[in-house]
Amino acid sequence: MTSEQALSRMAALCSRSEHCESEIRQKLQRAAIAASDIDDIIDRLREADFINDARYCSAFSRDKMRFAGWGRRKIAYALSAKRLPQSEIQQALAALDADEYMAVARRVAAARERFGGEREALMRHMLSRGFTVDEAQQAICTDA
């Protein structure tokens, strides 16, 4: 695959859904594109606004909260693993709607509570989903 073909494919991919630089870089490396060409392709995608860290962080945060039931901690960890700037991550997390966030926390707690078990197990589950102790307690107490 040539550099221009790779650029075209990555632009098409980014136009369908949000992707961050590390995801695009991995795809290009798997396609055996030269490192200098990869940097050039990524620069061109950034210039054309196909890759935008702030937009990606916001979309990722909203989707993981709404559809996967993740808390802020787990979202932040996942975004950090993608080597995104901490400032962008913090802005995206701060932009999450507080009411919707607590509704998700209550939904996650209620779903886990249906399986029975102790309060400790429910707390561990909430913590593993990325909610803080305070958020988990609030979700469990309002749900009980």
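Me: Leaving aside its neighbours within four places in sequence, which residues is Ile38 in contact with?
Reply: The model is a predicted one, and Ile38 is found in its helix H3. Contact requires heavy atoms within 4.5 Å. With neighbours within four places in sequence set aside, the residues in contact with Ile38 are Arg25, Leu28, Gln29 and Ile33.

Me: Does Ile38 count as buried or exposed?
Reply: A residue is buried when its relative accessible area is under 20%. The relative accessibility of Ile38 is 2%, so Ile38 counts as buried.

Me: What distance separates the C-alpha atoms of Ile38 and Ser3?
Reply: Along the chain, Ile38 and Ser3 are 35 residues apart.

Me: Which helices do the buried residues of H2 pack against?
Reply: Helix H2 covers residues 21-30, and its buried residues are Ser22, Glu23, Ile24 and Leu28. These buried residues of H2 pack against helix H1 (3-16), helix H3 (35-47) and H4.

Me: Which residue with a positive phi follows H2?
Reply: The phi in question is near 60°. The residue that follows H2 with this positive phi is Ala32.

Me: Leaving aside its neighbours within four places in sequence, which residues is Asp53 in contact with?
Reply: Asp53 lies in helix H4. Its relative accessibility is 14%, so Asp53 counts as buried. Apart from neighbours within four places in sequence, Asp53 is in contact with Arg46, Leu84, Pro85 and Glu88.

Me: How do H4 and H5 lie relative to each other, and which residues of H5 does H4 meet?
Reply: Helix H4 (residues 53-68) packs with helix H5 (residues 72-81) at an angle of about 140°, and their axes are 10 Å apart. This angle makes H4 oblique to H5, and their crossing is right-handed. From H4, the residues Tyr56, Cys57, Phe60, Ser61, Lys64 and Met65 meet, in H5, Ile75, Ala78 and Leu79.

Me: How many residues of the contact of H4 with H5 are nonpolar, polar and charged?
Reply: Cys and Tyr count as nonpolar, whereas Lys counts as charged. On that basis, the residues of the contact of H4 with H5 divide into one charged, one polar and seven nonpolar.

Me: Are H5 and H6 roughly parallel or roughly antiparallel?
Reply: H5 packs with helix H6 (residues 86-94) at an angle of about 150°, with the axes 10 Å apart. Angles over 145 degrees count as roughly antiparallel. H5 and H6 are therefore roughly antiparallel.

Me: Which residues make the contact of H5 with H6?
Reply: H5 passes H6 in a right-handed crossing. On the H5 side, the contact is made by Arg72, Ile75, Ala76, Leu79 and Ser80; on the H6 side, by Gln86, Ile89 and Leu93.

Me: What is the geometry of the aromatic pair formed by Phe60 and Trp70?
Reply: The structure holds three aromatic pairs. In the pair of Phe60 and Trp70, the distance is 6.4 Å centre to centre and the planes are 70° apart. Planes over 60 degrees apart count as edge-to-face, and this pair is edge-to-face.

Me: Why does the pair of Phe60 and Trp70 tie together parts ten residues apart in sequence, and which residues form the aromatic cluster?
Reply: Phe60 lies in helix H4 and Trp70 in the loop between H4 and H5, so the pair ties together parts ten residues apart in sequence. Phe60 counts as buried because its relative accessibility is 13%, and Trp70 counts as buried because its value is 17%. The aromatic cluster is formed by Tyr56, Phe60 and Trp70.

Conventions
Residues are numbered from 1 along each chain as its sequence is written. This is a predicted model: local features need pLDDT of at least 70, side-chain atom pairs count only at pLDDT 80 or more; totals for chains, interfaces and linings use all residues. Side-chain values use heavy atoms; hydrogens and water are left out. Axes are lines fitted to C-alpha atoms, for helices over the stretch in contact, and angles run from 0 to 180 degrees between N-to-C directions. Helices (H or I, at least four residues) and strands (E, at least two) are DSSP runs, numbered from the N terminus. Angles under 35 degrees count as roughly parallel, over 145 as roughly antiparallel, 65 to 115 as roughly perpendicular and the rest as oblique. A crossing is left-handed if the near helix is turned anticlockwise from the far one by less than a right angle, and right-handed if clockwise. Rings of Phe, Tyr and Trp (its six-membered ring) pair if their centres lie within 6.5 Å; planes under 30 degrees apart count as stacked, over 60 as edge-to-face and the rest as tilted. Buried means under 20% relative accessible area, exposed over 50%, partly exposed in between (1.4 Å probe, protein chains only).
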